[in-house]
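This report covers a sheet, a helix and a salt bridge. The sequence and coordinates come first.

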Amino acid sequence: LPPRRAVVIEDAPQGVQAGLAAGCPVVALTTSRAKEDLAGAHFIAEHLADLRLEDVTALLRAAGP
């Protein structure tokens, strides 16, 4: 898959940065870090259960074809 078609889900600042550097839409989870530490992610959620299919679909649409 092209990077823009793969969503990275991370809870570490380094993982968020790696996903962004790869060109992927990034979801950050605040399960182990503060929201401020995960800046740059396209979507930030408290728990994985908070991430809805509609959110992922919107991220992929925004990333382009």
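Which residue in β2 does glutamate 10 stand opposite? Glutamate 10 stands opposite alanine 28. The model is predicted, with local features requiring pLDDT of at least 70, side-chain atom pairs counting only at pLDDT 80 or more, and totals for chains, interfaces and linings using all residues. Residues are numbered from 1 along each chain as its sequence is written, and side-chain values use heavy atoms, leaving out hydrogens and water.

Helices (H or I, at least four residues) and strands (E, at least two) are DSSP runs numbered from the N terminus; two strands pair if DSSP finds at least two bridges between them. β1 pairs with β2 (residues 26–29) in the parallel sense over three bridges. The open sheet has three strands in the order β1-β2-β3, with parallel pairing. β1 (8–10) and β3 (43–45) are the edge strands, each with a single partner, so one side of each has no neighbour in the sheet.

In helix α1 (residues 13–22), Pro13, Gly15, Val16 and Gly19 are buried, where buried means under 20% relative accessible area, exposed over 50% and partly exposed in between (1.4 Å probe, protein chains only). Those buried residues pack against β1 and β2, contact meaning heavy atoms within 4.5 Å. On the other side of α1, Gln14 and Ala21 are exposed.

The structure holds one salt bridge, defined as a side-chain nitrogen of Lys or Arg within 4 Å of a carboxyl oxygen of Asp or Glu. The side chains of aspartate 55 and arginine 52 form this bridge at 3.0 Å, N to O.

| Residue | Relative accessibility and class |
|---|---|
| Aspartate 55 | 11%, buried |
| Arginine 52 | 48%, partly exposed |
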